Amino acid sequence: MQKMEMHILEILTDDARTSVGQIAAMLGLSEDAVQAAIAGLEEQRIILKYPALINWEKVDVEEVEALIEVRVTPERDHGFDAIAEQIYRFEEVRNVYLMSGGYDLLVMLKSSSLKKLALFVAQKLSTIDGVLSTATHFVLKRYKSEGVILDEKTEDRRLKVSP
Amino acid sequence: MNYDQILCRRVAEVPPSGIRKFFDVVSEMKGVVSLGVGEPDFNTPWGYSDAAIYSLRKGHTHYTSNWGLLELRKAIAEYMEMRFQVEYDPKKQILVTVGASEGIDIALRALVEPGDEVLVPDPSYVSYAPGVTFAGGVCVPVRTDAEHAFKLTPEALREVITPKTKAMILPYPNNPTGAVMTRADMEAIAAVLRETNIIVISDEIYAELTYEGKHVCFAEIPGMWERTITLNGFSKAFAMTGWRLGYACGPTELISVLCKIHQYAIMCAPTAGQFAAIEALKSSMQSDFAEVRRMVDTYDRRRRLIVSGLRNAGVTCHEPKGAFYAFPAVPKGLTSQQFCEKLLWEKKVAAVPGDAFGELGEGFFRCSYAASNENILKAVERIGELVSEL
């Protein structure tokens with residue numbers, strides 16, 4: 001990957017709303033060049049989406065999130081991929097990662113109630129062929145997400161003018 | 001009591017900093033977007049702070065050697081060699097100071113006899129000229145200008161050298177102009193100095209914040225090592241301003257005299273900060289300066305953003321190549337002070353009038369881009385409004 005593209009990815013990771021004009025100014029490039037580079041990154045599915053980072057704890061909605069450790073038996077020809085797909089196809093599933101260590105797949109789920117989530121694990125997840133066991137951990141509180149400390153106000157503690 | 005008759009005249013006669021006056025106004029106003037801040041907007045990386053906290057827990061709450069912790073001096077020596085290809089003996093040629101600021105003060109006091117002249121590029125950081133005066137010397141400004149990108153030129157240097165010239169301050173990358181000196185620029189200065197006994201106090205606190213090419217340490221230029229006191233510190237590159245930690249490097253004969261003043265005046269730099277600094281250097285050297293690079297990349301983007309923004313706003317601005325300041329020209333018809341006051345009162349943007357940095361800073365204003373993109377864009381927009389209304 002070119003250095004310019006790395007810079008663009010860093011800028012957008014920090015603030016996805018940064019305009020093409022601003023990115024062009026920041027990198028000393030033409031707007032056309034930046035536009036083309038972003039289009040290329042989207043085309044290659046390197047940039048997938050431009051979401052906002054939201055502190056849902058402050059939003060008045062009932063929601064539970066769980067991390068589920070899943071141990072599975074890999075399939076002869078497909079390894080973990082086929083079974084992972086059977087899991088990630090469910091809309092409730094937010095993230096699926098293949099892990100090293102004591103279990104194989106880390107599955108992250110969101111649901112509107114604890115009961116629904118538990119049912120999903122019992123009825124959908126555990127019953128998939130090849131799933132050996134599951135261990136469900138509910139999230140109680142988020143402190144930091146995507147590098148952002150959730151409860152901290154970002155205030156400028158510097159003197160307003162200094163030499 | 002009549003204090004005027006009691007106070008040391010050469011201290012009393014130094015005018016208060018032009019920045020202070022501005023600060024008093026700005027700190028009382030609400031909703032000001034400040035481009036007036038001369039320090040990083042990043043907090044100290046937590047790993048460095050954690051090392052200091054750990055040192056306190058372990059009971060490292062005593063004086064260190066006057067020179068600073070040997071482990072820190074060794075790390076500084078390794079860093080200077082790795083980063084700038086300059087060698088110093090950690091036992092005799094590196095002194096840990098209370099910020100590079102202390103380094104400026106004690107270097108001047110170690111060198112200057114009453115009446116000695118010290119050359120200071122104009123415009124430059126606010127502390128040099130008063131520092132020379134406090135040491136009993138005479139500050140002689142050396143002109144730099146936008147036409148030469150505010151670099152020190154051999155011609156300007158030759159004009160001001162006299163038999164009384166004792167030392168020269170070489171502050172690059174420069175606050176407030178953002179100027180840097182390339183190797184060729186430095187060679188040209190070195191050629192002039194070789195004919196003299198002038199000692200160079202090279203304040204390289206912004207060395208890491210060099211955006212095009214790599215910083216060249218003046219001591220690395222052939223023949224300059226033995227006449228150069230290199231000052232640097234942790235404030236800018238490692239976002240550690242409040243820790244007050246810097247260092248002075250140079251020939252044993254010079255640094256030992258700096259240490260003599262330091263040991264009587266200061267004793268030693270703060271101990272906890274020295275532990276944070278060891279962590280800053282060691283973790284940076286182990287990670288190929290990833291953290292430093294992340295900050296420098298961010299400043300570099302803001303640098304382009306502010307310069308293009310100012311130019312689009314109709315302001316003349318030469319391209320700064322180092323530190324985190326743009327130094328654009330004040331629109332015709334106004335002094336720096338008048339423009340900055342208008343900017344503050346009418347548009348609520350704080351920038352520092354260029355004359356705070358020397359006579360030749362008149363006609364310019366300093367905009368720090370150690371500020372968020374959002375604030376830079378907001379400020380530049382308001383500057384544009386003011387310029388169009390003039």
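**Exercise 1.** Which residue just after H2(A) takes a positive phi, and of about how many degrees?

*Solution.* The model is predicted, so local features need pLDDT of at least 70 and side-chain atom pairs count only at pLDDT 80 or more, whereas totals for chains, interfaces and linings use all residues. Residues are numbered from 1 along each chain as its sequence is written, chains are lettered from A in the order in which they are written, and side-chain values use heavy atoms, with hydrogens and water left out.
Step 1: locate helix H2 of chain A at residues 20-27; helices are DSSP runs (H or I, at least four residues), numbered from the N terminus.
Step 2: read the backbone just after H2(A), where Gly28(A) has a positive phi of about 65 degrees.

**Exercise 2.** Identify the buried residues of H2(A) and the helices against which they pack.

Step 1: list their partners, which are H1 (3-14) and H3 (31-43) in chain A and H12 and H14 in chain B.
Step 2: examine Asp300(B), which lies in H12 of chain B. Asp300(B) counts as buried because its relative accessibility is 14%. Not counting residues up to four places away in sequence, Asp300(B) is in contact (heavy atoms within 4.5 Å) with Met26(A) and Tyr211(B).

**Exercise 3.** Describe the interface of chain B and chain A by its residues, area and polar pairs.

*Solution.* Step 1: count the residues; chain B contributes 29 residues and chain A 15 residues.
Step 1: compute the buried area (accessible area lost on putting the two parts together, 1.4 Å probe, summed over both). Phe23(B), Arg301(B) and Arg304(B) account for 32% of the area that chain B buries against chain A, more than any other three residues.
Step 2: search for salt bridges (a side-chain nitrogen of Lys or Arg within 4 Å of a carboxyl oxygen of Asp or Glu). The rule finds 1 across the interface, and a salt bridge joins the side chains of Glu10(A) and Arg301(B) at 2.7 Å, N to O.
Step 3: assign the elements; H3 (18-26), H12 (290-312) and H14 (373-389) of chain B each give two or more residues to the side that touches chain A. H12(B) supplies the largest share, 6 residues.

Technical notes: A polar contact is a pair of N or O atoms within 3.5 Å; within protein, one must be able to donate a hydrogen and the other to accept it, and residues adjacent in sequence count only if both atoms are side-chain atoms. Buried means under 20% relative accessible area, exposed over 50%, partly exposed in between (1.4 Å probe, protein chains only).
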